[in-house]
Amino acid sequence: MTTFHPKFSPSRRTLLKGTGAMFAGLTLLPRFSLAAEEKKLNFYNWDTYIGETTLADFTKATGIEAKLDLFADNDELFAKLKGGNPGYDVIVPTNDMLERMIKANMVIPLDHSKIPNMANIDKPFQDATFDPGRKHSIPYMWGTLGVGYRKSKVEGGLVDSWKIVLDSDTHAGRISLLGDAQNVIGVALKYLGHSFNSVEAAELKKAEDLLIAQKKHVKVFADDNGQDLLASGEVDVCQEWNGDIIQVMAEDEGIAYAVPTEGSLVWQDTMAIPTGAPHPENAHAFLNFVLDAEAGMHIADTIKYATANAAAKAVMDKSYTENPSIFPPAEIVAKCEPGLYLGEEATKVRDEIWTRIQAA
Amino acid sequence: MPSPFLLASIQGSQEQGESGRVLDNWKDNKNVFWTLAGPGTFWLLVFFILPLGFLFVMSFSDKAVIDGEISITEYDYLTGISNYIRSVDALYLTIIWKSIWVSALATVLCLLTAYPIAFGICFASERWKPLLLLLVVLPFWINLLIRTYALIAVFRSQGYVNLALGTVGLGPFDMLYNNFAVIFGLVYVYMPFMVLPLYATIERLDKSFLEASLDLGASQFTTFLKVTVPLTMPGIITGVILVFIPCLGSFLTPDLLGGANAIMIGNVIERQFKAANDWPFGAALSFMLMYATFAALMLRAFLAKRSAGVDV
């Protein structure tokens, strides 16, 4: 019935239980008393965001037992690690959250000599503005933010502009936008021809006015279920992540996804090692394993996000590599920007704008 | 979440206490007293007072500025009342006021629905009573999040209600993602908190008062208004408090069921602790909400003092 977002984990309990058990284990273990690292790894990931057999394969290849815990969004990840690492070895933050964690010294620099498979990383991802020299992270998956729509309800069956969700009443009451300040204000800026990451007060004000004016036509600010609303017919157009829409497209041929020509956000999930990780050696081994061609292929095959692992992409078949919803045309990607960590003050400014939009 | 059963039973025992024997002075049996009071005191101190105290201090703090940049994880403690000044901005006051309205409306609807239910249970046969009470409490066995998702399945455009209406040629109606859905969700979720205290007082209501009123010529309606309602007032007040306060702080229901206008103060607070990473401001908003609640409770106590006769 309901297709859940792969990143959505309703079961907090499993997570709590796991963390509780881990706490107990770590307390009883004399932390640095062991000469060699024990053969364990605690992996903190999004739900359904790793290959079906990847962890088992990793254990087979290295003898290291990998344990998986899940988080539901970047904020949860951040909140969990903010007060000190409860024992995780590898985490999967999105680029702007990674940047924030680097600034807060919450992740450790990588030892590149222990990750020879970094050579497999696709060229555009070998360096990153949010992590110069890839000192702290490896790229995992990437994707875009765009418009998911029902083809039969849209004129011409095609969408090529943010106008349809941000500045038009053609679908009044049948529109959903995302539920967070960063991404909604960001695409409004993009539609108005500014940078996704703008901190200019005048530009932000224009974006705010645009969104307040459009709000009467918006049915809901959907936190993470725009694809469900679209699939169940509650809305005709929604602002959503490509991976979410691809999932409902698999079940419903009437749905399509497009990255508007004004450009959008291109996101990148990364893998990093949090400060205080009890098994940093194993963590490096795991990062190396994920960048392996075969392991990377299994992962991409399961989760259908765009991989940043060139060696893995090379062995995937065309239905994946030539899918424009997964890999949008290069000229459109060129217009997209990565979301940056703008600093605490800018975060506060956007949060207040968001509150004003919601309360208007 | 306190068990409504517990609250109901506490209320019951308090009122029966007067007729019981006089209790021993706790000073005569200090060891027994501390043994019994210890766990509860410890619990309150460690899991309530300390975290609340931490938040209280946090609400007067600010993010630290290190090397000219606002820190992500460090704080300067007890720097002043800037967070409170920010929280009395018209923007936030409007949202608080709106939350109060939504909660009040939900509470009133809860009361209007729960009163007949509680009455029905009280006057049901002894065989049915436990079963009916069980039905009231049953939803608590299921997580709030799951129940809210279930409501979505019921009310969405292609949900069960619209499906049923469709068979008789009506609809489909947009029942989700508006204020109706939020208020319905709140009423649905907090209904047991209203039914149980009402049940507890109505159950203890001396039915001969009602008979006397009717015998003396009052109509059913007058009897209800002049005798039943005043006598069950303690239950009404308890229920209203138990429903109103959690409604005021709710964020899940407006988040999942509400439309573009659904924001309540609970959502803003939640955002400060997560996405906005502004714990000091979130703490200040929480305490603002708490002060508002205290003010309402004090107002009630004040009104109770003024109204002579009936104990409300």
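Visitor: Why is helix 13 of chain B called largely enclosed?
Guide: Buried means under 20% relative accessible area, exposed over 50% and partly exposed in between, with a 1.4 Å probe and protein chains only. Seven of the nine residues of helix 13 (residues 265-273) of chain B are buried, so the helix is largely enclosed by the rest of the structure. Those buried residues are B:Ile265, B:Gly266, B:Asn267, B:Val268, B:Ile269, B:Arg271 and B:Gln272. Helices here are DSSP runs of H or I with at least four residues, strands are runs of E with at least two, and both are numbered from the N terminus.

Visitor: And what covers the buried residues of helix 13 of chain B?
Guide: The cover includes helix 15 (344-359) of chain A. From chain B, it includes helix 4 (90-122), helix 11 (233-249), helix 12 (252-257) and helix 14 (279-306).

Visitor: What should I keep in mind about the model and its numbering?
Guide: This is a predicted model, in which local features need pLDDT of at least 70 and side-chain atom pairs count only at pLDDT 80 or more, while totals for chains, interfaces and linings use all residues. Residues are numbered from 1 along each chain as its sequence is written, chains are lettered from A and ligands numbered from 1 in the order in which they are written, and side-chain values use heavy atoms, with hydrogens and water left out.

Visitor: What makes B:Leu210 buried?
Guide: B:Leu210 has 14% relative accessibility, so B:Leu210 counts as buried. B:Leu210 lies in helix 9 (residues 207-215) of chain B. Leaving aside neighbours within four places in sequence, B:Leu210 is in contact (heavy atoms within 4.5 Å) with B:Leu205, B:Thr223, B:Val227 and B:Thr228. The C-alpha atoms of B:Leu210 and B:Thr223 are separated by 6.7 Å, and the two residues are 13 apart along the chain.

Visitor: Is B:Val189 buried or exposed?
Guide: B:Val189 is buried, because its relative accessible area is 6%. B:Val189 sits in helix 8 of chain B and touches B:Leu144 and B:Arg147, not counting residues up to four places away in sequence.

Visitor: Which class does A:Lys304 fall into?
Guide: A:Lys304 has 38% relative accessibility, so A:Lys304 counts as partly exposed. Its phi is near 60 degrees, a positive value in a residue other than glycine. A:Lys304 is found in the loop between helix 11 (293-303) and strand 10 (306-307) of chain A.

Visitor: How do you know that B:Tyr177 is buried?
Guide: Its relative accessible area is 8%, so B:Tyr177 is buried. B:Tyr177 also has a positive phi, about 60 degrees, although it is not a glycine. B:Tyr177 is found in the loop between helix 7 (160-167) and helix 8 (179-204) of chain B.

Visitor: How much area do chain B and chain A bury between them?
Guide: About 3,100 Å², 54% of it on carbon and sulfur atoms. Buried area is the accessible area (1.4 Å probe) that two parts lose on being put together, summed over both. B:Ile72, B:Tyr177 and B:Ala260 supply 21% of the area that chain B buries against chain A, more than any other three residues. In terms of contacts, 34 residues of chain B meet 37 residues of chain A.

Visitor: Why are helix 6 and helix 7 of chain A called roughly perpendicular?
Guide: Helix 6 (residues 181-191) and helix 7 (residues 201-214) of chain A pack at an angle of about 105 degrees, with their axes 9 Å apart. That makes helix 6 of chain A roughly perpendicular to helix 7 of chain A. Angles under 35 degrees count as roughly parallel, over 145 as roughly antiparallel, 65 to 115 as roughly perpendicular and the rest as oblique. The axes are lines fitted to C-alpha atoms over the stretch in contact, and angles run from 0 to 180 degrees between N-to-C directions.

Visitor: What makes strand 6 of chain A largely enclosed?
Guide: Five of the five residues of strand 6 (residues 218-222) of chain A are buried, so the strand is largely enclosed by the rest of the structure. Strand 5 (residues 175-178) of chain A pairs with strand 6 of chain A in the parallel sense over four bridges; two strands pair if DSSP finds at least two bridges between them.
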